[in-house]
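Open the model in your viewer and keep the selection tool at hand. We will go stop by stop.

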Amino acid sequence: MTTVLRTEDLRKQFGDLVAVGGVSLAFDDEQITSIIGPNGAGKTTFYNLLTGVLEPTGGEIWLRRDDELREITDAPPHKVARSGLSRSYQITNIFERLTVRENLQVARIIHEGRTFDMRSRPEADEELNAAIDELLELTNLTAIAETPCDELSHGEKRNVEIALALAIEPTVFLLDEPTAGMNPTETEEIVSLIRQLNEDIDATFVVTEHDMDVVTGISDRIVVLAEGAVLADGDPQTVLRDERVTEAYLGSETV
Ligand SMILES: Nc1ncnc2c1ncn2[C@@H]1O[C@H](COP(=O)(O)OP(=O)(O)OP(=O)(O)O)[C@@H](O)[C@H]1O
């Protein structure tokens, strides 16, 4: 297996508060890793460090690109994304009045470093359309490609967000609470989509998720953060049976 993302003693303090206190983790290609932990464990801060939204207080972040691990520790978010680390946000990140296809055209054109201009008739660009058709297919959006996004359900919008994150052809795909706000049917659909994507595309998935059924359903590996440090790391069965993990959750939620 090849390491595609690595953190080395990654740290973030807010004043005296240590939110992430020296996290060293390596993520291998094509695996799905869930990062879990009680409230305030440092999951969001860790994600924000990885994506360049926050500057670390110390430590390093390395991402594989062109067959080499390259340091991205101080890179701003757009550079991190361009280097191949993509994030799908909990909060909708979609142009509501554009269709699904148009949203993907915008994302793809910007990713390719071109200026987006509707007058340039993106629909006539065969290469672009082929890439978008593939993305639509991968994310089960072909049937609603021409629907304006403000007419979509919450679950369909989550699929569009995932398609938008995939438009940059990521090496590592971070999914932030993918089932937040979803009903049970939508949750089941997104879980099978994540599993399917993991088979179909050559990407590594890192997921934060509160729903433990989802976590156990999709993860090859679980990392538990508590008080900004790695408390447990391994296959789902071993980690979820670990007493320290159960204890860390006591008083906040149940594993
Ligand atoms: N911008 C900030 N300024 C000060 N403290 C912060 C800031 N962001 C996070 N923190 C603190 O850092 C710690 C870790 O927070 P973080 O949001 O990363 O945890 P989390 O695991 O994502 O929690 P949750 O599951 O509740 O979202 C918490 O104590 C939080 O209050």
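Select strand E1 (residues 3–14) and strand E4 (58–65): they pair in the antiparallel sense over five bridges. Strands pair here if DSSP finds at least two bridges between them. Strands (E, at least two residues) and helices (H or I, at least four) are DSSP runs, numbered from the N terminus. This is a predicted model: local features need pLDDT of at least 70, side-chain atom pairs count only at pLDDT 80 or more, and totals for chains, interfaces and linings use all residues. Residues are numbered from 1 along each chain as its sequence is written.

Now click arginine 11. Its bridge partner in E4 is glycine 58.

E4 and E5 pair in the antiparallel sense over four bridges. Leucine 63 stands opposite arginine 70 in E5. Two residues lie between the strands of this hairpin, and aspartate 66 takes a positive phi near 50° there.

Next, select proline 56. It lies in the loop between H1 and E4. Is proline 56 buried or exposed? Proline 56 is buried, because 22 other C-beta atoms lie within 10 Å. The cut-offs: buried is 20 or more other C-beta atoms within 10 Å, exposed is 12 or fewer, and partly exposed is in between, with C-beta atoms placed from the backbone. Which residues does proline 56 touch? Leaving out residues up to four places away in sequence, they are Leu10, Arg11, Lys12, Leu49 and Thr73. Contact is defined as C-beta atoms, placed from the backbone, within 7 Å. Lysine 12 is 44 residues apart from proline 56 along the chain, yet their C-alpha atoms are separated by 5.1 Å.

Glutamate 30 sits in the loop between E2 and strand E3 (32–36). Its phi is positive, about 65°, although it is not a glycine. Glutamate 30 counts as partly exposed, because it has 15 C-beta neighbours inside 10 Å. Asparagine 140 is in the loop between helix H4 (126–138) and H5. Its phi is also positive, near 55°. Asparagine 140 counts as partly exposed, with 16 C-beta neighbours inside 10 Å.

Go to the ligand. Select the residues around it: Phe14, Leu17, Ala19, Gly37, Asn39, Gly40, Ala41, Gly42, Lys43, Thr44 and Thr45. Each has its C-beta atom, placed from the backbone, within 6 Å of the ligand. Strand E2 (17–28) and helix H1 (43–50) each supply at least two residues of this shell. The largest share, three residues, comes from H1.

Colour the two domains. Domain 1 is 1–84 + 170–255 and domain 2 is 93–168. Such bounds come from an automatic or database domain assignment. The C-alpha centres of the two domains lie 26 Å apart. Their contact takes 13 residues from domain 1 and 10 residues from domain 2. Helix H6 (residues 184–200) gives the most to the domain 1 side, with six residues.

Last stop: the largest nonpolar core, with 56 residues. A nonpolar core is a set of buried Ala, Val, Leu, Ile, Met, Phe, Trp, Tyr and Cys residues joined through C-beta atoms within 7 Å. Select Leu104, Ala163, Ala167, Val172, Phe205 and Val224, which touch the most other members. Helix H5 (residues 154–166) gives the most to this core, with six residues. Finish on alanine 167. Not counting residues up to four places away in sequence, alanine 167 touches Leu104, Ala107, Arg108, His111 and Leu135.

Notes
Two residues are in contact if their C-beta atoms, placed from the backbone, lie within 7 Å.
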